[in-house]
Amino acid sequence: MDTQQILDTISRIVHIGTVIVLGGGTVFMWRVLMPSAAELPDAEHDKLREAVVSRWKKFVHAGIALILISGFYNYARLATGHKGDGLYHALVGTKMLLAFGVFFLGSALVGKSKAFESLRQKRGRYLGILVALLAVIVAISGFVKVRGKPVIPVTPPAETASVTN
Ligand code: HEM
């Protein structure tokens, strides 16, 4: 295994591992923690929410950084092998835009900015949207990975006019 292969492997492990932690944590909060915490008295519920968000925030911020670094590394390594493969670039481009939406929503839900207080008031709804976006992103990523590289016909250079007399 050469250095390049070691870096590719580390980047893939970091990318997928981080996605598992953040995606799993989001599903847990949406479907397990929130409904269970809703049964607590208001004061305890507020205290628990504050404690959970202040801890989860560190995972969200570090996770976004790791996904961005490993994602751009993956793209730099793999995109050159997909020259002329329009569908690959369209799908990976769409995935990146969706990922930026996920990063925005995830950050807003753990942030303190007054501008996004309305999102935090409807936390359950936005956690559901986050999970749906994550599912689409994972589906796109899995598809482009398994689809591989299509064979793109190379157009032969135009024949040079030959003078035959
Ligand atoms: C929420 C955000 C994201 C999720 C859930 C996600 C998920 C995934 C998954 C599951 C894979 C498949 C890995 C495999 O089977 O080998 C993957 C691959 C990849 N990701 Fe992400 N990713 C995210 C963000 C990003 C971002 C922001 C970028 C680029 C800046 C990126 C670039 C890539 C690339 C280039 C690949 C390899 C695609 C290929 O096989 O050609 N990802 N991602």
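In which helix is the place of A99? I found A99 in helix 3, where helices (H or I, at least four residues) and strands (E, at least two) are DSSP runs, numbered from the N terminus. Before going further I noted that this is a predicted model, in which local features need pLDDT of at least 70 and side-chain atom pairs count only at pLDDT 80 or more, while totals for chains, interfaces and linings use all residues. I also noted that residues are numbered from 1 along each chain as its sequence is written.

**Entry 1**

Is A99 buried or exposed? I recorded A99 as buried because it has 20 C-beta neighbours inside 10 Å; the rule is that a residue is buried if 20 or more other C-beta atoms lie within 10 Å of its own, exposed if 12 or fewer, and partly exposed in between, with C-beta atoms placed from the backbone. I then looked along the chain to G86, which is 13 residues from A99, and found their C-alpha atoms separated by 20 Å.

Helix 3 has 25 residues and reaches 36 Å from its first C-alpha to its last, close to the 36 Å expected at 1.5 Å a residue, the expected span being 1.5 Å times one less than the number of residues. Its buried residues are Y88, K95, A99, V102, G106 and L109, and I found that they pack against helix 2, helix 4 (117–121) and helix 5. Contact here means that the C-beta atoms of two residues, placed from the backbone, lie within 7 Å.

Which residues make up the largest nonpolar core? I listed six, namely M29, A99, V102, L127, L130 and I137, a nonpolar core being a set of buried Ala, Val, Leu, Ile, Met, Phe, Trp, Tyr and Cys residues joined through C-beta atoms within 7 Å. Helix 3 and helix 5 are the elements that give two or more residues to this core, and helix 5 gives the most, with three. In soluble globular proteins, nonpolar side chains tend to be buried together.

I went on to helix 5, where the buried residues are L127, L130 and I137, and these pack against helix 1 and helix 3. Leaving out residues up to four places away in sequence, L127 touches T26, M29 and W30. Helix 5 has 25 residues and spans 36 Å from its first C-alpha to its last, close to the 36 Å expected, and it is followed by G148, whose phi is positive, near 70 degrees.

**Entry 1: two glycines**

I looked up G124, which lies in helix 5, and noted it as exposed because 12 other C-beta atoms are within 10 Å. Apart from neighbours within four places in sequence, G124 is in contact with W30 and M34. G124 and S70 are 54 residues apart in sequence and 29 Å apart in space, C-alpha to C-alpha.

G17 is found in helix 1, and I put it down as partly exposed because it has 13 C-beta neighbours inside 10 Å. G17 and I67 are 50 residues apart in sequence, yet their C-alpha atoms are 9.3 Å apart in space.

**Entry 2: around the ligand**

Which residues come nearest to the ligand? Of the 22 residues around it, I noted G71, N74, A99, S141 and K145 as the nearest, counting a residue as near if its C-beta atom, placed from the backbone, lies within 6 Å. The elements giving two or more residues to this shell are helix 1 (3–37), helix 2 (42–78), helix 3 (86–110) and helix 5 (123–147).

**Entry 3: the whole chain**

I counted five helices and zero strands in the chain. Its C-alpha atoms fill a box of roughly 100 × 35 × 25 Å, taken along the principal axes. Of the 165 residues, 10% count as buried. Among contacts between residues at least 6 apart in sequence, 80% join residues at least 24 apart.
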